[in-house]
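Subject: Structure handover

Hello,

Here is the structure I said I would pass on. Please open it next to this message and follow along as you read.

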Amino acid sequence: MDVRIVLSLISSMLSVVFSARDGVFNSYGASVDVGSKISMVVAIEKDFLDEDTDEALSVIKKYASIINKDYLPVGHLRTRYQTLKEAAFTDGASIIFTIGACRDTWELFEKRQENGDILFISITEVECPRLPTAEAITLPLSKAGLELPQLLLDLRTLNAVRWNSVALIYDQISLADDDIQSVTEALTIELPGRSEPSSALLSIHRLEPAENEWKRLARSEKLLDPTTQWLFVSSDVGDSENVTELAYLLDEGQNVAFVYNNTSEKSACGDTRISCHVEEIMLSIGLALQKSVSAELELSEQVSEEEWDAIKPSKSERRATLLTSIKSRLQNEGRCDNCTNWKLETGEVWGQEYLESRANKLLSVGSWTPRGGPLLSDHLFPHVVQGFRARNLPISTFHFPPWQILHYNDTGHITEYKGLVFEILNLLVKNLNFTYTVHVPTNLTLTGFSNSTKNTGLPTETLDGDKDESALNPAVWNKVISAVQQKKIFLGACAFTVTDARKLAVNFTTAISVEPYVFFLSRPKELSRALLFMSPFSISTWCCITAAVILMTPVLCAISRASPFYRVYGANRAGGFHSPMNCFWYIYGALLQQGGGALPAADSSRLVIGTWWLVVLVVVTTYSGTLVAFLTFPKMDHLSSDEDKLKALYKGARLHPSISKELIEDIRSGHHVYIQRKTSLLFLLHRLFLNTSSCDFSLGTE
C-alpha cells in the first residue's frame, strides 16, 4: 500500500488574501466587474518538495505581489494557500496551482464537479498522466535522459496510440534492464478520468546484441501489415539520420511511426530547479491576466452596463484565454529545463504505390518536450484513423451483370457504374476514405488499360443493345489480374471466381457470394395427358388396389356361404352373394361408387361390405383431390439427373465466348443447354423476358 504522511502547512504558511477594489466604472458611468473576481488557490505538498518548500512559497508570494502591483490594471489577484490534501474549491476561484504527487493532484482535479471552469496548473512527479489539456497545464518533473516513460504515457493520455495489447521489443543498447519497469508501467497503467478500461496487455522480448537487426527482421518475417502498429523508438541523441535510413522499411499497407531524440548535443538545459519552474509559471500567469483583463476593460469601456452583462466572457471563456496564453509563453519563452526535444514522424504509405511519385514519405507529425508534452499536427498513425486519407486510387472493371453494370451513352462513354460489386466498393470508399478512377480493359495488349471512360475494349452487342466487355472472354479477366500484379491498379472491382491458380497471382477479398452453376435451357414442354387418370397414384398403389379387389371377392363369397343365417331362417341360398361373380361385380362397382341393388341378409356379410366401403371412401377422395391438382398444374418435362447422361452431355460441350442471339435461339429450340452461374443466368432470364414478354427459358436444379 502506498502510504504518504502529509504535514499540515497551515501553521507554517501565511494565508494571504488581497481584497479587491470596488467595481470599475466605464465611460458610461456604469459599474463593471472586470478584474474584481480573480482568485487563485495554491496547494502544496510539503513531502513532495522537501527542502524546496520554503523557496517555492517565497517565489509564489513574491510574484503574487508583483502581479497585483504591476500587471493588473484593475482589481486584485486574491491568493489562498492550502495543503494539497486539504485543498478546497473556494467560491469564485479562477486558478488552482498545485505542487505535489500525481495521485493527490488527480484526486483534487476530479473533485472540481460544479467548479469545472477553474484553470488547473500542476507541477507533479514524473510518469504521471497529464491532466486534460483543454482544462489544465501539467508539468511532470522528468530528468534528462529518462524521458521515455513519460513520453509513452503522454501519447496514451492524448489518445495518439490506442493499444489493447503491446509487444515491447528492446535491446540492452537502447534500453537498460533497469528502465523496463518504468516503460512497462507507462504502457499498462490505467489512465485516470476514463470511463472505459484503458490498460493494455503487455509482452516483453529482449534481443541480444547479435540480433540488433530486428527492424529488418520485422519486415522479412512479414510482421508489418495493416493490422499492426509499429512504433520505432530511438533514444540516442541526434539519431535523425538513422531514422531516415529506416524509411526503407516503409511499404504499402503498413502502419509505422518513429519517435527519436532530437535534442541538440550543444543545447544547454537551463535551470532545472523547481523554483525556476514556479517562477516562470507565476510570471506567465501574471502576463496572461494582464492581457485578459486589459482586453476586457477596453471592451467594457465601449458599452453600457446592460450590454456588458450580455457580452462579457463567461468563466469557461476566460479559462480558455488564460490557458492558451500561459501555454504559449511557457512553450516559446520558457528557459527552465528546456533542452530536451523529441521528434515524431510517421509513414504515409497507403496508396503510395499508385501515385506518380512512389518515393516513401516520412511525414513529420509533431514533437514532444517535458514541459509541453506532445504537440501533434497530425495523427501518429494516420492510416489507422483516416484510412487512405482521401487519395485517388485506380481500379479496373468491366460489364458483367449483375455484379458490375456499366451504362454507356450514345458516344460510347461510360456514364454510370452500378451492381453489387460497386455497392461494396462504395462502402469501402466510405470506411477507408479514398476515391477512385475506373479504368476499363482495352484490346491493345494483355496489360493495357485505358484512362478514359470510353468503351474501347472487346465490345459486343448484347440482347438489349448495350455494350458488353465480353466477361466470358478469359483475356479480359487476365488483363485485370495482370494489372493488379504490376500494381497499375489498386484493385479489380470484379466478381472473380476464386481458383487455386488465381490465388497464386493475387489476393482476394472474403467471398461475397457462394453460388452454384446451373443449366439454362428452353422452357420444359407439358407432358401428354393421355394417361393423366393414372397420374394421381403410383404403379405400386394401383397394383395394391387391384389386389384388394381380387382378394375381397372370395372373402365376401366365403363368408356369405359359411353364415348359418340362411340355414336357420331358410333363406334362398341360390345366387346373390353366394356367387363369386356377383361378389366381384359388387366389390368393383363399389370402387366406382356404383354399389349394387341389394345388400346381403347376414350381418357378417354386411360387416365385410361396410369395411370395404370405408376403404373405397378414402381411396376415391384421395384420387379425386390429386387428379384436380394434376389438372390445375400440368406435369412438365424436366432435365434428367442421370449421371451417365450428364457425362455424355459434358463430352459434347463447347465454350461460347459470349451470349449471342444465335446461341439464344439454339437454346430456345431445345438444341442447346447452357451452363453458367445461377445469379448471372437469373439476370439473363430477366433481360430476355423484358425483350420478348414471354417466358421461353428455365433453370435446372442446382
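Below is what was found, from the whole protein to single elements and residues.

Please keep in mind that this is a predicted model.

Overall

The protein has 702 residues, and 41% of them count as buried. Its secondary structure comes to 21 helices and 25 strands. Among contacts between residues at least 6 apart in sequence, 71% join residues at least 24 apart.

Strands of a sheet pair through backbone hydrogen bonds, in either a parallel or an antiparallel way. In the open sheet with the order β4-β3-β5-β6-β7, the pairing is parallel. β4 (77-83) and β7 (136-140) are at the edges with a single partner strand each, so one side of each has no neighbour in the sheet. From one strand to the next, the twist averages 10 degrees.

Ile95 has Leu119 of β6 as its bridge partner. Helix α3 (residues 102-110) packs on this sheet and touches β5 and β6, with its direction at about 170 degrees to that of β6. Helix α2 (residues 53-71) lies across β3 (38-44), β4 and β5, and runs at about 165 degrees to β4.

Two helix pairs

How do α4 and α5 pack? Helix α4 (residues 148-157) and helix α5 (residues 180-188) meet at an angle of about 5 degrees, and their axes are 8 Å apart. Angles under 35 degrees count as roughly parallel, so α4 is roughly parallel to α5. On the α4 side the contact is made by Leu148, Pro149, Leu152, Leu153 and Arg156, and on the α5 side by Ser182, Val183, Glu185, Ala186, Leu187 and Thr188. By class, this contact has seven nonpolar, two polar and two charged residues.

The other pair is α8 (residues 274-300) with α10 (residues 315-333), which pack at about 135 degrees with their axes 9 Å apart. That angle makes α8 oblique to α10. The crossing of α8 past α10 is right-handed. Residues of α8 in the contact include Glu280, Ile281, Leu283 and Ser284, while those of α10 include Arg318, Thr321, Leu322 and Ser325. The residues of this contact divide into nine nonpolar, four polar and six charged.

Two residues

Is His277 buried or exposed? His277, which is found in helix α8, has a relative accessible area of 5% and is therefore buried. Leaving aside neighbours within four places in sequence, His277 is in contact with Ile123, Leu139, Leu141, Thr272, Cys336, Asp337 and Arg371.

Pro192 is found in the loop between α5 and β9 (201-207). With a relative accessible area of 25%, Pro192 is partly exposed. Which residues does Pro192 contact, leaving aside its neighbours within four places in sequence? They are Trp106, Glu110 and Pro129. Pro192 and Trp106 are 86 residues apart in sequence, but 7.6 Å apart in space, C-alpha to C-alpha.

Antiparallel strands

Strand β12 (residues 342-347) runs antiparallel to strand β13 (residues 362-369), and six bridges join them. The bridge partner of Gly347 in β13 is Leu362. Strand β13 is also joined to strand β14 (residues 373-376), by four bridges, and these two run antiparallel. In β14, Gly373 is the bridge partner of Thr369. The link between β13 and β14 is a hairpin of three residues.

Four bridges join strand β23 (residues 517-522) to β24, and Val518 stands opposite Gln676 in β24.

Regards

Technical notes: Residues numbered from 1 in each chain as written. Predicted model: local features only at pLDDT ≥ 70, side-chain atom pairs only at ≥ 80, totals over all residues. Heavy atoms only, no water. Pairing = 2+ DSSP bridges. Axes fitted to C-alpha atoms, helices over the stretch in contact; angles between N-to-C directions. Contact = heavy atoms within 4.5 Å. Buried < 20%, exposed > 50% of the residue type's maximum accessible area, 1.4 Å probe, protein only. Parallel < 35°, antiparallel > 145°, perpendicular 65-115°, else oblique. Nonpolar A, V, L, I, M, F, W, Y, C, P; charged D, E, K, R; others polar. Left-handed = near helix turned anticlockwise from the far one by under 90°.
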